[in-house]
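Please read them with the structure open.

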Amino acid sequence: MLLIWCVLLAACAPPPVVKIALVAPFEGRLRQVGYEAFPAMRLAIRKRIAAGSAVSARVAFIAYNDDGDPAHAARVAHNVALDPEVVGVIGHLVPSTTLAALSVYTQASLPVLAPSVPADMLPRDPLVFRMGPAAPSRNRKMSNAPCAALDPSWAATGWPFGECVVDAPPVSELLGAQQALAAFTELSLGPPPGPRSIVAYDATNVLLDAIALDAQVRGMPTRAGVADALRRIRHNGLLGQITFDRDNTWADAPTWAYGR
């Protein structure tokens, strides 16, 4: 499955076009992950347009289905990497598929925003931007909600004391997310936003910031330019101020701990 959403972030400029790729499961057991993320990304872009934000290129948003399967994820990553207009990837939103695809992107010099818990499981690479919290996180929050109510992609293994530790709470626990995602159901056609919506909303805005910053420098964003811009981004997101350290890790990424 390939979904395309084109948006104009330029004032009155014609093409060129650059693309953001979301890769996530949209079918199978983990399809909830993709369907929480996709409308949130569209919403983030729509808000940029409404606010009058502009870069010197049109930005096309493309979503690919990896079925939550590592082997398929690697094949999909090859298709994404072959498109020269793609300047950044958000995905795969599931640890196993993210790990399976990363080498494909890095070999193609394609920067990847990779939310994953814990971030330490992802390799340190100049093109891999680790948006998830490390284990243990120094920015830890507690909740009384049960793990069963959370995202099915979150693996509970590896976390102590009967907890599951995740990178975003239910939307109901974060006032800023409630406000930012208030129009989510208009785009999802009914289903409400969830934790992956919060993460996807922030990741989209970070990548749009990087594209805009690179466009200011080069006029036409490139993969290398967007990667360089990501290293300099400071974005005030729903989950906090997002900035990457020398290892391309968001050192202050928060965690929420839930009882099982």
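1. Is Ala 81 buried or exposed? Ala 81 has a relative accessible area of 14%. The cut-off for buried is under 20%, so Ala 81 counts as buried. Keep in mind that this is a predicted model.

2. Where does Ala 81 sit, and what does it touch? The residue belongs to helix α2. Setting aside neighbours within four places in sequence, Ala 81 is in contact with Val 104, Ala 108, Leu 110 and Arg 223. Take Val 104 from that list. Ala 81 and Val 104 are separated by 23 residues in sequence, yet their C-alpha atoms are 7.3 Å apart in space.

3. The chain as a whole. There are 7 helices and 11 strands. Of the 260 residues, 57% are buried. Take the contacts in the chain with a separation of 6 or more: 70% of them come from residues 24 or more positions apart.

4. Helix α2 against helix α3. Helix α3 covers residues 95-107. Its axis lies 8 Å from that of α2, and the packing angle is about 35°. The crossing is right-handed. On the α2 side, the contact uses Pro 70, Ala 73, Ala 74, Ala 77, His 78, Val 80 and Ala 81. On the α3 side, it uses Ser 96, Thr 97, Ala 100, Ala 101, Val 104 and Tyr 105. By class, that gives 10 nonpolar residues, 3 polar and no charged.

5. Helix α1 against helix α6. How do these two helices cross? Helix α1 spans residues 31-50 and helix α6 spans residues 195-218. Their axes come within 7 Å and cross at roughly 40°. That angle makes α1 oblique to α6. The crossing is right-handed here too. From α1, the contact draws on Val 33, Glu 36, Ala 37, Ala 40, Met 41, Leu 43, Ala 44, Ile 45, Lys 47 and Arg 48. From α6 come Pro 195, Arg 196, Ser 197, Ala 200, Tyr 201, Thr 204, Asn 205, Leu 208 and Asp 209. The classes are 11 nonpolar, 3 polar and 5 charged residues.

6. Helix α6 against helix α7. What is the angle in this case? The two pack at about 115°, with axes 8 Å apart. This crossing is right-handed. Helix α6 supplies Val 206, Leu 207, Ala 210, Ile 211, Leu 213, Asp 214 and Arg 218. Helix α7 supplies Gly 225, Val 226, Ala 229 and Leu 230. The contact has 8 nonpolar residues, 1 polar and 2 charged.

7. Helix α7 itself. Helix α7 runs over residues 223-230 and is mostly covered, with 6 of its 8 residues buried. These are Arg 223, Gly 225, Val 226, Ala 227, Ala 229 and Leu 230. What do they pack against? Their partners are α2 (70-82), β4 (86-91), β5 (112-114), β6 (128-130) and α6. Arg 223 is also among the contacts of Ala 81.

8. Aromatic pairs. The structure holds 4 of them. Phe 26 lies in the loop between β2 (17-24) and α1, while Phe 38 lies in helix α1, 12 residues apart. Phe 26 is buried at 0% relative accessible area. Phe 38 also counts as buried, at 12%.

9. A further pair from Phe 38. Why is the pair of Phe 38 and Phe 61 called stacked? Because the planes of the two rings are at 20°, with centres 5.4 Å apart. Phe 61 sits in strand β3 (residues 58-65), 23 residues from Phe 38 in helix α1. Phe 61 is buried as well, with a relative accessible area of 1%.

10. The aromatic cluster. Which residues form it? Phe 26, Tyr 35, Phe 38 and Phe 61 make up one aromatic cluster.

Definitions and conventions. Residues are numbered from 1 along each chain as its sequence is written. This is a predicted model: local features need pLDDT of at least 70, side-chain atom pairs count only at pLDDT 80 or more; totals for chains, interfaces and linings use all residues. Side-chain values use heavy atoms; hydrogens and water are left out. Axes are lines fitted to C-alpha atoms, for helices over the stretch in contact, and angles run from 0 to 180 degrees between N-to-C directions. Helices (H or I, at least four residues) and strands (E, at least two) are DSSP runs, numbered from the N terminus. Angles under 35 degrees count as roughly parallel, over 145 as roughly antiparallel, 65 to 115 as roughly perpendicular and the rest as oblique. A crossing is left-handed if the near helix is turned anticlockwise from the far one by less than a right angle, and right-handed if clockwise. Contact means heavy atoms within 4.5 Å. Ala, Val, Leu, Ile, Met, Phe, Trp, Tyr, Cys and Pro count as nonpolar, Asp, Glu, Lys and Arg as charged, and the others, Gly among them, as polar. Buried means under 20% relative accessible area, exposed over 50%, partly exposed in between (1.4 Å probe, protein chains only). Rings of Phe, Tyr and Trp (its six-membered ring) pair if their centres lie within 6.5 Å; planes under 30 degrees apart count as stacked, over 60 as edge-to-face and the rest as tilted.
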